[in-house]
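Hello,

Here is the structure I promised to pass on. Please open it first, then read my notes below.

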Amino acid sequence: RISEPELQKCIKQVAFAHLVMQPLGLPLYYLVLKTRMIFDTSQYDWTQILTHIPVYLILEDAAFYWFHRLLHTPFLYKHIHKVHHSYHQPIPLAAEYTHPIDYLLTGSLPLFLGPFVMKSHVYTFWIWLLIRATEAMDGHSGYNLWFMPFRYFPFRPGSQVHDYHHSHNKGNYGSFFYFWDKLCGTDISYIDYQDAKRNITKKKY
């Protein structure tokens with residue numbers, strides 16, 4: 001359970017991210033909107049959601065995985081990413097409790113990669129922002145909520161996987177998917193942990 005001082009600290013840091021860091025990211029936002037977005041409503045086709053959003057998901061997850069894994073190298077973890085790991089049992093609000101550089105590497109660049117590559121309509125981009133924000137809160141909620149569509153994604157890590165990442169501080173670096181962790185073997189410690197839990201349960205019964 002999070003204490004009231006911890007919650008207040010989290011609120012202040014998240015407010016700083018929204019009021020200071022996000023305005024600093026406006027040049028990137030403007031670059032994507034100006035050069036890679038379509039604004040003409042007559043050109044919008046709702047089926048674009050079905051073709052562009054999956055590409056966003058794949059590109060975001062790949063970029064997030066590698067930036068996140070980079071941030072777990074000793075020097076970068078100590079000076080940057082450790083801020084986010086202040087919460088060993090994360091809460092949705094703590095999804096954005098990060099160091100400014102962390103916010104750029106895992107919160108901004110992966111987010112804009114798909115829209116920059118695909119040159120989508122701005123409506124699709126806005127829907128994508130909503131999806132990513134919702135997934136981040138879901139992944140830090142500590143619950144596998146049945147009504148969340150993300151839990152039905154193939155190769156979806158789930159909140160319990162990210163909970164392990166925070167509590168044990170290793171492995172499970174992906175965001176939407178578990179693919180890169182499986183491919184690179186960064187899920188091994190989590191698998192061993194789950195096996196150990198199952199063995200303890202079997203011994204009890």
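Why does Leu-113 count as partly exposed? Its relative accessibility is 31%, and partly exposed covers the range between buried (under 20% relative accessible area) and exposed (over 50%), with a 1.4 Å probe and protein chains only.

First, the ground rules. This is a predicted model, in which local features need pLDDT of at least 70 and side-chain atom pairs count only at pLDDT 80 or more, while totals for chains, interfaces and linings use all residues. Residues are numbered from 1 along each chain as its sequence is written, and side-chain values use heavy atoms, with hydrogens and water left out.

**Overall fold**
The chain has nine helices and zero strands. Both are DSSP runs, numbered from the N terminus: helices are H or I with at least four residues, strands are E with at least two. Of its 205 residues, 40% count as buried.

**Around Leu-113**
Leu-113 lies in helix α5. Leaving aside residues up to four places away in sequence, Leu-113 touches Leu-59 and Ala-63. A contact means heavy atoms within 4.5 Å. Leu-113 and Ala-63 are 50 residues apart along the chain, and 8.2 Å separates their C-alpha atoms.

**The cores**
A nonpolar core is a set of buried Ala, Val, Leu, Ile, Met, Phe, Trp, Tyr and Cys residues joined through side-chain atoms within 4.5 Å. The largest one holds 13 residues. Met-37, Leu-57, Phe-125 and Trp-128 touch the most other members. Helices α2, α3, α5 and α6 each give two or more residues to this core. Another core lies apart from it, with six residues, including Val-14 and Tyr-97.

**The largest pocket**
A pocket is an open set of points on a 1 Å grid over the protein atoms alone, where a 1.4 Å probe fits, with protein on both sides within 12 Å along at least five of seven lines. Lining residues have an atom within 4 Å of a point. Here the largest pocket has about 1,000 Å³ of space, the volume being what probe spheres set on the points fill. Its lining has 46 residues. Glu-96, Tyr-103, Gly-107, Ser-108 and Leu-111 lie nearest the centre. Helix α5 gives the largest share of the lining, eight residues.

**Helix α7**
Helix α7 (159-168) supplies at least two residues of that lining too. Among the buried residues of α7 are His-162, His-165 and His-166. Just after α7, Asn-169 takes a positive phi of about 60°.

Best wishes
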